[in-house]
Amino acid sequence: MWPLAAALLLASACCGSAQLLFNKTKSVEFTFCNETVVIPCCVNNIEAENLNELYVKWRYKGKDIYSYDGVVNKSATYGDFHSARMDVPELLKGDASLKIDKSEALLGNYSCEVTELSREGETFIELKYRVVPWFSPNENILIVIFPIFAVLLFWGQFGIKTLKYKSSHMDEITIAVLVVGLVTTAVIIVGAILFVPGEYSIKNATGLGLIVVTTGLLLLLHYYVFKTTIGIPSFVIAILVMQLLAYVLAVVGLSLCISACIPVHGPLLIAGLIIFALAQLLGLVYMKFVASNQKTINPPRNN
């Protein structure tokens, strides 16, 4: 019996383990941002020196979805997994990981079976989906709050113009500003509704675009309110320039965020919206300060 045991031990030392050993991975996750899903399958004790010694088969819930036959150096896909593929040269390093396009990746259990001449082994991996919010909860709040705050400040300015700087009648331009202000308010509210917390989607991106782009109309409305009440002194010019720069900052941040699944430039967008709202606040305070030192007067006439 001892000679037999010694022979088996010698055979194991010369030829390696009869069982392929895997780097165990219970599950792997992918998100909306993944264009390609990689399901790992790594053999720790691969000894093959040529691809013709290897055979790999992937299954999903027991059904074949991909195979590679090293003898004929050919891969095959099955069912709806047309994008399934491997980096074949990496097989000699023990890497038999499967790559699938996100659109074809199905949640559930996958199995990877590798055969090396007379040795074989199999491992199981579960594929899961993880929801990753486009923006953090705090960023979502700031993106919605400051444009709405800017709208409320505009209506405060319009109220001062209407009550303090009275005219004998409401001209066509004032009516147009009132209508544009109402439309701007409605569009920003609709954008805020569409921009619900969650992962990146066309709906969220549309809502964000409505919020940021429409906010720019407040700059024109702000200019009109100043022009028809206290004129355009140097301080008002500084406020309007500040708003313009803030709006450009917000638009640049918007374009960078929409073009990326993970909005790393979110702070740039939010900074633009905050500065815009603060400039709107300065305008309201300045108008109120000037109005409080004057009697009710007619608005300046446009020459």
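A word on the ground rules, everyone. This is a predicted model, where local features need pLDDT of at least 70 and side-chain atom pairs count only at pLDDT 80 or more, while totals for chains, interfaces and linings use all residues. Residues are numbered from 1 along each chain as its sequence is written, and side-chain values use heavy atoms, with hydrogens and water left out.

Back to Glu116, then. Glu116 sits in strand S7; strands here are DSSP runs of E with at least two residues, helices are runs of H or I with at least four, and both are numbered from the N terminus. Is Glu116 buried or exposed? Buried, with a relative accessible area of 4%. For us, buried means under 20% relative accessible area, exposed means over 50%, and partly exposed is in between, with a 1.4 Å probe and protein chains only. Leaving aside residues up to four places away in sequence, Glu116 touches Leu20, Ile46, Glu47, Ala48, Glu53 and Leu54, where contact means heavy atoms within 4.5 Å. The C-alpha atoms of Glu116 and Gln19 are separated by 9.5 Å, though these residues are 97 apart along the chain.

How many disulfides does the structure hold? There are 2, taking a disulfide as a pair of cysteine sulfur atoms within 2.5 Å. In one, Cys41 and Cys112 have their sulfur atoms 2.0 Å apart. This pair links distant parts of the chain, 71 residues apart: Cys41 is in the loop between S2 and strand S3 (54-60), and Cys112 is in strand S7 (residues 108-116). Its S-S torsion is about -75°, so the disulfide of Cys41 and Cys112 is left-handed. Both Cys41 and Cys112 are buried.

The other disulfide joins Cys33 and Cys261, again with sulfur atoms 2.0 Å apart. Cys33 lies in the loop between strand S1 (27-30) and strand S2 (36-39), and Cys261 in the loop between helix H6 (234-258) and helix H7 (266-292), so the bond ties together parts 228 residues apart in sequence. The link of Cys33 and Cys261 is left-handed too, with -80° about the S-S bond. Cys33 is partly exposed at 28%, and Cys261 is partly exposed at 25%. Number the bonded cysteines in sequence order and the pairing reads 1-4, 2-3.

Cys42 is partly exposed, at 29%, whereas Cys257 is buried, at 0%.

Next, Ser83, in the loop between strand S5 (74-77) and strand S6 (98-101). Ser83 counts as buried at 10% relative accessibility, and its side chain reaches the backbone nitrogen of Asp101 at 3.0 Å.

Last, the record. An unreviewed UniProt entry lists residues 141-160, 172-196, 208-226, 235-262 and 268-287 as "transmembrane region"; such annotations may be inferred rather than shown by experiment, the positions follow the numbering used here, and feature names are shortened. In the model, residues 141-160 are 100% helix and 0% strand, with end C-alpha atoms 29 Å apart. Residues 208-226 are 95% helix and 0% strand, and their end C-alpha atoms lie 28 Å apart.

Conventions: Polar contact = N/O pair within 3.5 Å; in protein donor to acceptor, adjacent residues only side chain to side chain.
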